[in-house]
Amino acid sequence: MSDLPTTSAVDSIDSLTHALQGVGYHAPRRLATAVFLAMKLQRPLLLEGEPGVGKTELAKALAKVLGRPLLRLQCYDGMEQREALYEWNHTAQLLHMRAAQSTATPDEIEREVYQARYLIRRPLLQALQTPAPGAVLLIDEVDRADEPFEAFLLEYLGEYQVSIPELGTIEAVAAPLTILTSNRTRDLNDAVKRRCLYQWLDYPERERELAIVRSQVPEASKQLTEQVSRFVSRLRSQPFSNAFQRGPGIAESVEWAKALVALDTLTLDPEVIQDTAGILFKQREDVAALLPMLDQLLAPEPV
């Protein structure tokens, strides 16, 4: 790996927090600390938490703050190595072989067709070959992939390098800032966790969510954003949260605020909540559970 230092627009946890706020991402200090250490120590950062709490958005915000390209590897069940790392351009190789048959020996042809110019680079290889200061690589929803794919990732996560049989070991030009996210649909292998720094992302406190909604939906009135953050916060609190399969995340709060602005909503009432409940919840049962408790949710909080 190159000894080039990691360059960034931040040199402290506070400046990182401020820079993230500047692009609309309000990170609590413990999260900003984890990101700062991942940058300084050149270690991958594993983020776990419920869907919609801002894991993916953090990687996007970091790419903006640091001025680095964002590369995204979206994981899914049955993902193969070639979809993450590389595959050969077989059509171009075949054309070269046909053209060279009359002038080159079989050994020469074989050496020529396995050259870097015939590689189709996927996100992992692109991240390793991005010039300094390097890329931000988002390995999103890694818990959706299977255990063999996790094992494949170990070399990259531990050493920022990969092995390609025809070309040998390829090391990083500059260490990528690597963010892995997991919704914890299953436990990840301990070997993956050992190679990463770790941070759990929970639902935000009300004041932080209020700041997020205000920054993401500036056209919403102060009164409306306060009502949205208070209502969603109460949905996630006891005893209401027990009624739902999954509470709304930050992403749903922001989308709901945008929808309410589009409807020219000035204040929350049961009718507008019923009409827009499908933005907060994605399960029929959750929407049904919401409606009987609207009066309680909208009631003034005890002083």
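Analyst: Start with Asp264, in the loop between H12 and helix H13 (270-280). Helices (H or I, at least four residues) and strands (E, at least two) are DSSP runs, numbered from the N terminus. This is a predicted model: local features need pLDDT of at least 70, side-chain atom pairs need pLDDT 80 or more, and totals for chains, interfaces and linings use all residues. Residues are numbered from 1 along each chain as its sequence is written, and side-chain values use heavy atoms, leaving out hydrogens and water.

User: What phi does Asp264 have?

Analyst: About 60°, a positive value, although Asp264 is not a glycine. Most residues other than glycine have a negative phi.

User: Buried or exposed, Asp264?

Analyst: Exposed, with a relative accessible area of 64%. The cut-offs: buried is under 20% relative accessible area, exposed is over 50%, partly exposed is in between (1.4 Å probe, protein chains only).

User: Where is Glu141, and what is its phi near?

Analyst: Glu141 is in the loop between S5 and helix H8 (147-159). Its phi is positive, near 55°. Glu141 counts as buried because its relative accessibility is 19%.

User: OK, peptide bonds. Which residues does the cis bond with omega about 10° join?

Analyst: Ala132 and Pro133. Pro133 is in the loop between helix H7 (123-128) and strand S5 (136-140). There is also a cis bond from Gln238 to Pro239, with omega near 0°. Pro239 lies in the loop between helix H11 (222-236) and helix H12 (250-262). Most peptide bonds are trans.

User: On to helices. At what angle do the axes of H1 and H2 cross?

Analyst: Roughly 110°, and the axes come within 9 Å. H1 covers residues 13-22 and H2 covers residues 29-41. Axes are lines fitted to C-alpha atoms, over the stretch in contact for helices, with angles from 0 to 180 degrees between N-to-C directions. H1 and H2 are therefore roughly perpendicular. That label takes 65 to 115 degrees; under 35 is roughly parallel, over 145 roughly antiparallel, and the rest oblique.

User: Which residues meet there?

Analyst: From H1, Ile13, Asp14, Leu16 and Thr17; from H2, Arg29, Ala32, Thr33, Val35 and Phe36. They divide into 5 nonpolar, 2 polar and 2 charged. Nonpolar means Ala, Val, Leu, Ile, Met, Phe, Trp, Tyr, Cys and Pro; charged means Asp, Glu, Lys and Arg; the others, Gly among them, are polar. Contact means heavy atoms within 4.5 Å.

User: Which residues of H2 are buried?

Analyst: Leu31, Ala32, Ala34, Val35, Phe36, Ala38 and Met39. Their cover includes H1, strand S1 (45-49), helix H3 (55-66), strand S8 (177-182) and strand S9 (197-201). Just after H2, Gln42 takes a positive phi of about 55°.

User: What does Glu209 touch?

Analyst: Leaving out residues up to four places away in sequence, Pro204, Val232, Arg236, Gly249, Ile250 and Ser253.

User: What covers the buried residues of H11?

Analyst: The cover includes H10, H12, H13, helix H14 (284-290) and helix H15 (294-298). Among the buried residues of H11 are Val232 and Arg236.
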